[in-house]
Amino acid sequence: MPRTRSFVQVDVFSTSLCSGNPVAVVLDGTDLSGEEMQRLARWTNLSETTFVLPPTNPEADYRLRIFTPGGELPFAGHPTLGSARAWLDGGGTPQHAEHLVQECAAGLVTVRRGEGVLSFAAPPRVRCGALDDGYLKRIVAAFGITRERVVAHQWVDNGPGWAVLQLPTAWGGPRPRPRPDPHPGRDGRRDRRPSRGIRVRL
């Protein structure tokens, strides 16, 4: 039988209402299946929706699962900060006064507590090195550029799937404009992941 769960939307990276990076936080994700979490993440239609759960590691204060509309992430930055703030404001009490510890699929993440500010040390990268040719082709197609414009490329992925491209200065033409990925995702929807996790350096 359905039950009521506390749900908040947090404005991250801002002190002004509706001017930050939003994340939806379900403060009690206990007994929800991964499929139910994914369905709710699609419904919120935010870049990320998180679910707070009891920790399985005694060093952690809580466990967090992070979903985008297209799938689950092992870690992501602004959902970590937004969920930590929501957990504290919802009455969560950390084991240590100066920091709290989040358990997620990427491991344990320490979130430091300053004067009204939260910060974290990013977990180790789960993927590094050069992009494979097929993935790079998808990126340049999405940005409407040629492979020859790419000076260097690599993964800097600690969970969200960040890929970095270095391009020459834009003096020779217009700046690239992202286009929808022509490849469908696993469920038939357009796969947003290649353009969501890309940083282009000009």
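A residue is called buried when its relative accessible area is under 20%, exposed when it is over 50%, and partly exposed in between, using a 1.4 Å probe and protein chains only. The model is predicted, so local features need pLDDT of at least 70 and side-chain atom pairs count only at pLDDT 80 or more, while totals for chains, interfaces and linings use all residues. Residues are numbered from 1 along each chain as its sequence is written, and side-chain values use heavy atoms, with hydrogens and water left out.

The chain holds four helices and twelve strands. These are DSSP runs numbered from the N terminus: H or I of at least four residues for helices, E of at least two for strands. A contact means heavy atoms within 4.5 Å. Among contacts between residues at least 6 apart in sequence, 54% join residues at least 24 apart. The accessible surface, computed by the Shrake-Rupley method with a 1.4 Å probe and, for residues, with only the protein chains shown as cover, comes to about 11,700 Å². Carbon and sulfur atoms account for 52% of that surface.

Strand E6 covers residues 99-104, and six of its six residues are buried. In a regular strand the side chains alternate between the two faces of the sheet. In E6, His99, Val101 and Glu103 point one way, while Leu100, Gln102 and Cys104 point the other way.

Which strands pair with E6? Two strands pair if DSSP finds at least two bridges between them. Strand E4 (residues 62-68) runs parallel to E6 and is joined to it by two bridges; here Tyr62 stands opposite Gln102. Strand E7 (residues 107-113) pairs with E6 in the antiparallel sense over six bridges, and a hairpin of two residues connects E6 to E7. In E7, Val109 is the bridge partner of Gln102.

Cys128, in contrast, is exposed at 53%. A disulfide is a pair of cysteine sulfur atoms within 2.5 Å, and the count by this rule is zero.

The loop between strand E1 (7-12) and strand E2 (21-26) contains Phe13. Phe13 is not a glycine, yet its phi is positive, near 70°. Is Phe13 buried or exposed? With a relative accessible area of 62%, Phe13 is exposed. Cys18 lies in the loop between E1 and E2 and has a positive phi of about 60° although it is not a glycine. At 71% relative accessibility, Cys18 is also exposed.
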